[in-house]
Amino acid sequence: MRALFDDRRSGIEVHGTGTVSRILPDDTAGSRHERFILTLPDGLTILVAYDIDIAPRLNGLRVGDAVAFLGQYEWNAEGGTVHWTHHDPSGRHETGWLEWNDRTYG
């Protein structure tokens, strides 16, 4: 993902694993999203925005937990955002997911 960040690219399907470094309040404007920051193995940090109106919340998620993901990367100066980490009811996006505590969400 470092190359996507360096090249300021967006709209790219990505997958990887990171460690939760911060848990943020839910975004409640429009569709509700659970939000947390993952630190990737190369040190890049990304915001994960996970739609909890479509998929179940990761109840009990904590700083230090490992989370794997598949979703769409959007560049920003702070590292980027990964969203569409769940199924798309309209079928326009590849089905994304999160893996945490031996369970797949999405």
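Predicted model: local features only at pLDDT ≥ 70, side-chain atom pairs only at ≥ 80, totals over all residues.
1. Arg8 counts as exposed at 61% relative accessibility, where exposed means over 50% relative accessible area, buried under 20% and partly exposed in between, with a 1.4 Å probe and protein chains only. Arg8 sits in the loop between helix H1 (2-6) and strand E1 (12-27), and although Arg8 is not a glycine, its phi is positive, at about 55 degrees. Most residues other than glycine have a negative phi.

2. Residues are numbered from 1 along each chain as its sequence is written, and side-chain values use heavy atoms, with hydrogens and water left out.

3. On the overall architecture, the protein has one helix and seven strands, which follow one another from the N terminus in the order α-β-β-β-β-β-β-β. Helices (H or I, at least four residues) and strands (E, at least two) are DSSP runs, numbered from the N terminus.

4. On dimensions, the radius of gyration of the protein is 13 Å, which agrees with the value near 13 Å that a compact globule of 106 residues would have; the radius is taken over C-alpha atoms, and the globule rule is 2.2 Å times the number of residues to the power 0.38. The C-alpha trace spans about 30 × 30 × 25 Å along its principal axes. Of the contacts between residues at least 6 apart in sequence, 55% join residues at least 24 apart, a contact being heavy atoms within 4.5 Å.

5. On burial and surface, 41% of the 106 residues are buried. The protein exposes about 5,700 Å², of which carbon and sulfur atoms supply 46%, with areas from the Shrake-Rupley method with a 1.4 Å probe; for residues, only the protein chains shown count as cover.

6. On charge, there are 10 positive and 16 negative side chains, and the centres of the two sets lie 4 Å apart. Lys and Arg count as positive and Asp and Glu as negative, whereas His and the chain ends are not counted; the place of a charge is taken as NZ of Lys, CZ of Arg, CG of Asp or CD of Glu.

7. The loop between strand E5 (81-83) and strand E6 (97-100) holds His86, and this residue counts as buried at 2% relative accessibility. Leaving aside neighbours within four places in sequence, His86 is in contact with residues including Tyr50, Asp51, Ile54, Trp97 and Gly106. The C-alpha atoms of His86 and Ile54 are 7.5 Å apart, although 32 residues separate them in sequence.

8. Thr85 is found in the loop between E5 and E6 and is buried, with a relative accessible area of 0%. Not counting residues up to four places away in sequence, Thr85 touches Val48, Ala49, Tyr50, Leu70, Gly71, Gly96, Trp97, Leu98, Tyr105 and Gly106.

9. Asp51 belongs to strand E3 (residues 45-51) and counts as buried at 6% relative accessibility. Asp51 and His86 are 35 residues apart in sequence, yet 7.2 Å apart from C-alpha to C-alpha. Apart from neighbours within four places in sequence, the contacts of Asp51 are Ser31, Arg32, His33 and His86. A polar atom of the Asp51 side chain lies 2.8 Å from the backbone nitrogen of Asp53, and the side chain of Asp51 also reaches the backbone nitrogen of Ile54, at 3.3 Å.

10. Gln72, in strand E4 (residues 66-74), counts as buried at 10% relative accessibility. The side chains of Gln72 and Glu74 are joined by a polar contact of 2.7 Å, that is, a pair of N or O atoms within 3.5 Å; within protein, one must be able to donate a hydrogen and the other to accept it, and residues adjacent in sequence count only if both atoms are side-chain atoms. Beyond residues up to four places away in sequence, Gln72 touches residues including Gly11, Val82, Trp84 and His93.

11. Two exposed residues complete the note. Asp102, in the loop between E6 and strand E7 (103-105), is exposed with a relative accessible area of 88%, and its phi is positive, near 60 degrees, in a residue other than glycine. Pro25 is found in strand E1 and is exposed with a relative accessible area of 58%; Pro25 and Arg35 are 10 residues apart in sequence and 6.6 Å apart in space, C-alpha to C-alpha.
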